[in-house]
Amino acid sequence: MSTLHTVNKSPFERSSLISALNHLRPGDALLMLEDGVVGARKGSAFAGLFESAAKGCGIYVLGPDLAARGIAEGDVIPGAKLVDYGGFVDLVTAHQRTQAWL
Amino acid sequence: MAEVEAPQVDTGIKKKFMFINRKAPYGTIYALEALEVVLISAAFEQDVSLAFLDDGVYQLLKGQNTTGIGMKNFSPTYRALGDYEITKLYVEQESLDERGLNPADLMEITYEDENEDFAKKPSLRIVGRSELTEIMAQQDVLLNF
């Protein structure tokens, strides 16, 4: 009974990424999209949070939003997987519920 | 004459809906809109609960007085939720702690338990972050505001 968590705002602007990380369970997935992809940039002040909070969880970034903001695919945090819109749909169907952190 | 069959009544499926409140009232419309949707959802006879975390805990503070800002103080509405059989309002302990708040700062919200001779019971349930995480994982639908 796993959950897909989505975050669509920058962690520099809102606390939604931190809240999502605080409420992950093993087997859950976290997808960063829209301005949320900013949280996936390696070397950012938030990059270290994933190592402790996201153990046993899949971390995903929506590729088109990353590209639109000029962040190279090679510049995302280690372990994060890029997905396209089809992959987003696959994530929704692979989990029992979605929690869209606002 | 053929006997008329009773129409099949669709009793519907009861799902667990949780409304998650993470924003303080009045600065944005989220808190009020969440309350509106919660009241609407009560009409559909679902298993409805609310969670208050992060700045959402400010929605439940007692002593809200909006006369100076020209907005309606909607906080008394939370106390009416029990009449709509919405009796589970989870409040995250860590969110209170981070803001220097404690449960005594919150409104008293109760419901009448029809299974126990309408005894008054508290609707607010203070839960730790990990317990709230587990409760969220038991829901069918999570709606964030």
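Helices (H or I, at least four residues) and strands (E, at least two) are DSSP runs, numbered from the N terminus. The views below show a predicted model.

Figure 1. The secondary structure of chain B comprises 3 helices and 7 strands. Read from the N terminus, these elements follow the order β-α-β-β-α-β-β-β-α-β. The C-alpha trace of chain B spans about 75 × 35 × 35 Å along its principal axes. Of the 145 residues in chain B, 30% are buried. Among contacts in chain B with a separation of 6 or more, 75% are between residues 24 or more positions apart. The average pLDDT of chain B is 94, and 92% of the residues score at least 70. For the complex, the predictor gives an ipTM of 0.88 and a pTM of 0.90.

**Figure 2. The side of chain A that touches chain B.** Contacts link 12 residues of chain A with 12 residues of chain B. At least two residues of this side of chain A come from each of α1 (16–22) and β5 (97–101) of chain A. The element that gives the most is β5(A), with 4 residues. By type, the residues on this side of chain A are 4 nonpolar, 6 polar and 2 charged.

**Figure 3. The open sheet of chain A.** In chain A, 5 strands are arranged in the order β4-β3-β2-β1-β5, and their pairing is parallel. At the edges are β4 (81–83) and β5 of chain A, each of which pairs on one side only. On average, neighbouring strands of this sheet are turned by 25 degrees against each other, direction ignored. Strand β3 (residues 58–62) of chain A runs parallel to β4(A) and is joined to it by 3 bridges. Across this pair, Y60(A) is opposite K81(A) in β4(A).

**Figure 4. Two separate nonpolar cores.** The largest nonpolar core contains 28 residues, and those with the most contacts inside it are L30(A), L31(A), M32(A), V37(A), Y60(A), V61(A) and L62(A). At least two residues of this core come from each of β1 (3–7), α1, β2 (29–32) and β3 of chain A. Leaving aside residues up to four places away in sequence, V61(A) touches M32(A), V37(A), A40(A), L66(A), V76(A), A80(A) and L82(A). The second core is separate and has 27 residues, including V38(B), V57(B), L89(B) and L106(B). In soluble globular proteins, nonpolar side chains tend to be buried together.

Figure 5. Strands β1 (residues 16–21) and β2 (residues 47–52) of chain B pair in the parallel sense through 6 bridges, and F17(B) has V48(B) in β2(B) as its bridge partner.

Figure 6. Strands β1(B) and β7(B) run parallel and are joined by 4 bridges. In this pair, M18(B) is opposite L142(B) in β7(B). The covered face of β7(B) carries L142(B) and N144(B), whereas V141(B) and L143(B) are on the uncovered face.

**Figure 7. Two loop residues of chain B with positive phi.** Most residues other than glycine have a negative phi. E45(B), in the loop between α1 and β2 of chain B, has a positive phi near 50 degrees and is not a glycine. E45(B) counts as exposed because it has 11 C-beta neighbours inside 10 Å, and the cut-off for exposed is 12 or fewer. D117(B) is in the loop between β4 (110–113) and β5 (119–122) of chain B. Its phi is also positive, at about 55 degrees, although D117(B) is not a glycine. With 7 other C-beta atoms within 10 Å, D117(B) is exposed.

Methods
Residues are numbered from 1 along each chain as its sequence is written. Chains are lettered from A and ligands numbered from 1 in the order in which they are written. This is a predicted model: local features need pLDDT of at least 70, side-chain atom pairs count only at pLDDT 80 or more; totals for chains, interfaces and linings use all residues. Two residues are in contact if their C-beta atoms, placed from the backbone, lie within 7 Å. Ala, Val, Leu, Ile, Met, Phe, Trp, Tyr, Cys and Pro count as nonpolar, Asp, Glu, Lys and Arg as charged, and the others, Gly among them, as polar. pLDDT is the predictor's confidence in each residue, from 0 to 100. Two strands pair if DSSP finds at least two bridges between them. Axes are lines fitted to C-alpha atoms, for helices over the stretch in contact, and angles run from 0 to 180 degrees between N-to-C directions. A nonpolar core is a set of buried Ala, Val, Leu, Ile, Met, Phe, Trp, Tyr and Cys residues joined through C-beta atoms within 7 Å. A residue is buried if 20 or more other C-beta atoms lie within 10 Å of its own, exposed if 12 or fewer, and partly exposed in between; C-beta atoms are placed from the backbone.
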